[in-house]
Amino acid sequence: MDHTDVIFQLILHGGNARSLAMEAIALAKNKDMAGAQDALKRAGEELSRAHHHQTTFIQKEIAGEKPEISMLLIHAQDHLMNAMTIKDLASEFVEMYSHVHAAKEAGV
């Protein structure tokens, strides 16, 4: 896989993870906690795929092959880091909605 292909894999999997994390929040808001947990799990899997590609860059740099730093690579890294943050926040939202829904059902 060449340099550009790896960059696009970072963007693809990062974008998928972000979308799934946002989906998890919407599902939790609508009381579909099982669906929300599944979306979070799938988001984590997408982040793992992206991290695998990111590791390719790191390993090449350690081996002395300096990657070309381009706006596309910077965009991919930005995309991935935002996806990771959103996934972490989505986990918190899903937990919060779980507590909110349980409290409403208990009449609190």
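**Helix packing and nonpolar cores in the predicted model**

In the predicted model, M1 touches V6, Q9, H53 and K60 when residues up to four places away in sequence are not counted. M1 belongs to the segment before α1. With a relative accessibility of 61%, above the 50% cut-off, M1 is therefore classed as exposed. A distance of 15 Å separates the C-alpha atoms of M1 and I11, which lie ten residues apart along the chain.

V6 and I11 both belong to the largest nonpolar core, which has twelve residues in all: V6, I7, L10, I11, A17, L47, A50, F57, L73, A76, L80 and A83. Each of α1, α2 and α3 supplies at least two residues of this core, and α1 provides the largest share, with five residues. Apart from this core lies another, of eleven residues, including I25, A36, L40 and V94. In soluble globular proteins, nonpolar side chains tend to be buried together.

Helix α3 spans residues 71-105 and contains 35 residues. From its first C-alpha to its last, α3 reaches 50 Å, close to the 51 Å expected at 1.5 Å a residue. The buried residues of α3 are L73, A76, L80, A83, I86, K87, A90, V94, Y97 and H101. These buried residues pack against α1 (3-29) and α2 (33-62). An α-helix has 3.6 residues a turn, so residues three or four places apart point the same way. Just after α3, G107 adopts a positive phi of about 80 degrees.

Contacts of individual residues illustrate this packing. A83, one of the buried residues of α3, is in contact with G14, A17, R18 and L47, leaving aside its neighbours within four places in sequence. Q54 is located in helix α2. Because its relative accessibility is 12%, under the 20% cut-off, Q54 counts as buried. With neighbours within four places in sequence again left aside, Q54 is in contact with L10, Q77 and L80; of these, L10 and L80 are members of the largest nonpolar core.

L89, F93, M96 and V100 make a nonpolar surface patch of about 320 Å². M96 has its place in helix α3. Its relative accessibility of 39% falls between the cut-offs of 20% and 50%, so M96 counts as partly exposed.

Notes:
Residues numbered from 1 in each chain as written. Predicted model: local features only at pLDDT ≥ 70, side-chain atom pairs only at ≥ 80, totals over all residues. Heavy atoms only, no water. Helix = DSSP H or I, 4+ residues; strand = E, 2+ residues; numbered from the N terminus. Expected span 1.5 Å × (residues − 1). Buried < 20%, exposed > 50% of the residue type's maximum accessible area, 1.4 Å probe, protein only. Contact = heavy atoms within 4.5 Å. Core = buried A, V, L, I, M, F, W, Y, C linked by side-chain atoms within 4.5 Å. Patch = residues over 30% accessible without salt bridge, like charges linked within 9 Å, V, L, I, M, F, W, Y side chains within 5 Å. Areas by Shrake-Rupley, 256 points an atom, 1.4 Å probe, with all protein chains shown as cover. Salt bridge = Lys/Arg side-chain N within 4 Å of Asp/Glu carboxyl O.
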